[in-house]
Amino acid sequence: MADAQYDYDLFVIGAGSGGVRAARIAAQAGAKVAIAEEYRVGGTCVIRGCVPKKFMVYASDYGHKIKEAAEYGWQVESNGFDFPKFMSSMHAEVDRLSAIYLRNLANAGVEVFEERAELDGPNKVVLKETGKSFTVDKILIATGGEPWRPAKEDLPGVEHTITSNEIFQLKELPKYLVIAGGGYIACEFAHVFAGLGVETCLVYRGDTVLNGFDYDVRTSVHEGLKEAGVRVITNRTFDRIDEVEGEKCPYKITLDDETEVMADVIMMAVGRRPSTNGLGCDKAGVELDQKGAVIVDDASRTNVPNIFAVGDVTDRIALTPVAIREGHAFSDSIFGDDEWSFEHDNVASAVFVQPEVGTVGLSEAEARKKFGDVDIYKTRFSPMKTALLESSERVMIKLVVKQDDQKVVGVHIVSPDAGEMIQMIGVAVKMGATKADFDRTCAVHPTIAEEIVTLRQKWVPDVEPG
């Protein structure tokens, strides 16, 4: 397929999940393809994101399981948590997965450059380490996102903090961890480290964590953090960070109300930004938005006809499976014989707090704004497992139903295994299932999930929304 005037039919910048999928599909269709990655093949999800994070969630949850097993009659002896051993095992698995990505690319015939690549015009790519340059017919930007931190002038002492990248490189378990932020990354790691026995504090500028999620999810997770032993400070931001001597912790954080919090590790989880800084988008004429995200249409095409972008760098939906589907659609459409685009509505997702969040579709507030009248069905209850435990864990299940045609337009769950449940429910919502479809589905008993199809009573608020 290669055009003689170009070195490659396709050059992919960024070897995360979306970029790798696109490169493989294009190469299998006969294109001459190269891909470049400046850090490690596998991208954020595999190397420093969802995969190692989920292992940390598992490790944290085993602490709860040990206690629960004893309450269920098992004679359990715990000698503490070996953090270095766990980290070694986790990184070995990450290495294995990265190697699989490399092998799959090689098997597909993709040439891999393990160094930074930048644009040097609409049809030219330059490798920064070796200085090699290539002419290319099509370019796919798949550089993902990166943690954002305030500048030193805005937050004195910010150099003493780490981000979600460095949290996976800790050599020992901290004693006192302070996390800035209230999004899913902040909440997940607060639960993880509290579960590992770390004295954990979360500082959030808003009044309830998980801004953008359904309000019942937000309040459930907020209360869950406190029940897990996390000290949650809301409506506050960091003012400065100072090193201190002779104290139990090396750092003192002063908040904007002069409250002081001590820590030996400080994690900034205050947002992510698309990774386009220094990428050369200006040289290629690629338009970016105010956040630095690559602006694309439904087909992932930029304003430059031969340059495309997928994944977090486009700031559409920052989820690995979305990036994979976008990359697949791009290569099928451009290099294959199946033109299609990914639909970004009703994408199910999970937040791996403890218990988990599973959500698909619209929040109640979004549905009311879009449709006006909606019916709400929701329940809160203690799961059956906790009947024999000293536990205050509660499940929340909520259905948002469009009133005129009774389509279920949103499902929100806070529960053990909510991520597993929402994957299947996502199929029903994507297909346009109605509340009657849910009602005539027989329950599986005894399960938590049965409540999803047994909700009959509409919820009536004490005060009308809005």
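**Note on a predicted model: local features**

1. Thr434 has its place in the loop between helix H10 (418-430) and helix H11 (435-439), where helices (H or I, at least four residues) and strands (E, at least two) are DSSP runs, numbered from the N terminus. Thr434 is buried, with a relative accessible area of 19%; buried stands for under 20%, exposed for over 50%, and partly exposed for values in between (1.4 Å probe, protein chains only). Leaving aside neighbours within four places in sequence, the contacts of Thr434 (heavy atoms within 4.5 Å) are with Asp405, Gln406, Lys407 and Val408.

2. A word on the basis of these comments. The model is predicted, so that local features need pLDDT of at least 70 and side-chain atom pairs count only at pLDDT 80 or more, while totals for chains, interfaces and linings use all residues. Residues are numbered from 1 along each chain as its sequence is written, and side-chain values use heavy atoms, with hydrogens and water left out.

3. The model has one disulfide, a term that stands for a pair of cysteine sulfur atoms within 2.5 Å. The partners are Cys45 and Cys50, with an S to S distance of 2.3 Å, and the link between Cys45 and Cys50 is left-handed, with -140° about the S-S bond. Cys45 is buried at 13% relative accessibility, whereas Cys50 is partly exposed, with a relative accessible area of 31%.

4. Cys187, by contrast, is in no disulfide, and the nearest cysteine sulfur, which belongs to Cys201, is 13 Å away. A reader thinking about the cysteine side chains may want to note that Cys187 is buried at 0% relative accessibility, whereas Cys442 is exposed at 69%.

5. The count of aromatic pairs comes to twelve, a pair being rings of Phe, Tyr and Trp (its six-membered ring) with centres within 6.5 Å, called stacked if the planes are under 30 degrees apart, edge-to-face if over 60 and tilted for the rest. The pair of Phe308 and Phe330 is tilted, at 4.9 Å centre to centre and with 55° between the planes. This pair links distant parts of the chain, as Phe308 belongs to strand S16 (residues 307-309) and Phe330 to helix H8 (residues 320-335), 22 residues apart. Phe308 is buried, with a relative accessible area of 1%, and Phe330 is buried at 2%.

6. Phe330 returns in the lining of the largest cavity. There is one cavity of 30 Å³ or more, and the volume of the largest is about 60 Å³. On a 1 Å grid over the protein atoms alone, a cavity is a set of points where a 1.4 Å probe fits but cannot get out, with lining residues having an atom within 4 Å of a point; points are joined across faces, edges and corners, and a volume is the space filled by probe spheres set on them. Together with Phe330, the residues that line the cavity include Asp298, Arg316, Glu326, Trp340, Phe342 and His344.

7. One aromatic cluster is formed by Tyr8, Phe11, Phe113 and Phe134. Over the ring of Tyr8 sits the charged end of Lys32, 5.3 Å from the ring centre, and elsewhere Lys402 lies over the face of Phe371, at 5.2 Å from the ring centre. (A charge sits over a ring if NZ of Lys or CZ of Arg is within 6 Å of its centre and within 35 degrees of the ring normal.)

8. Ile66 has its place in helix H3 (residues 50-71) and is partly exposed at 34% relative accessibility. Not counting residues up to four places away in sequence, Ile66 touches Val76 and Ser78; the C-alpha atoms of Ile66 and Ser78, twelve residues apart along the chain, are separated by 7.7 Å.

9. Some backbone details deserve a check against the displayed coordinates. The peptide bond from Gln354 to Pro355 is cis, with omega near 5°, and Pro355 is found in the loop between strand S17 (349-351) and strand S18 (356-361). His445 and Pro446 are joined by a cis peptide bond with omega about -5°, and Pro446 lies in the segment after H11.

10. Asn235 has phi near 55°, lies in the loop between strand S10 (231-234) and strand S11 (238-243), and is partly exposed at 40% relative accessibility. Glu258 has phi near 75° and lies in the loop between strand S12 (251-255) and strand S13 (260-263).

Note on methods:
1 Å grid on protein atoms, 1.4 Å probe; cavity = no way out; pocket = protein on both sides within 12 Å on 5 of 7 lines; lining within 4 Å.
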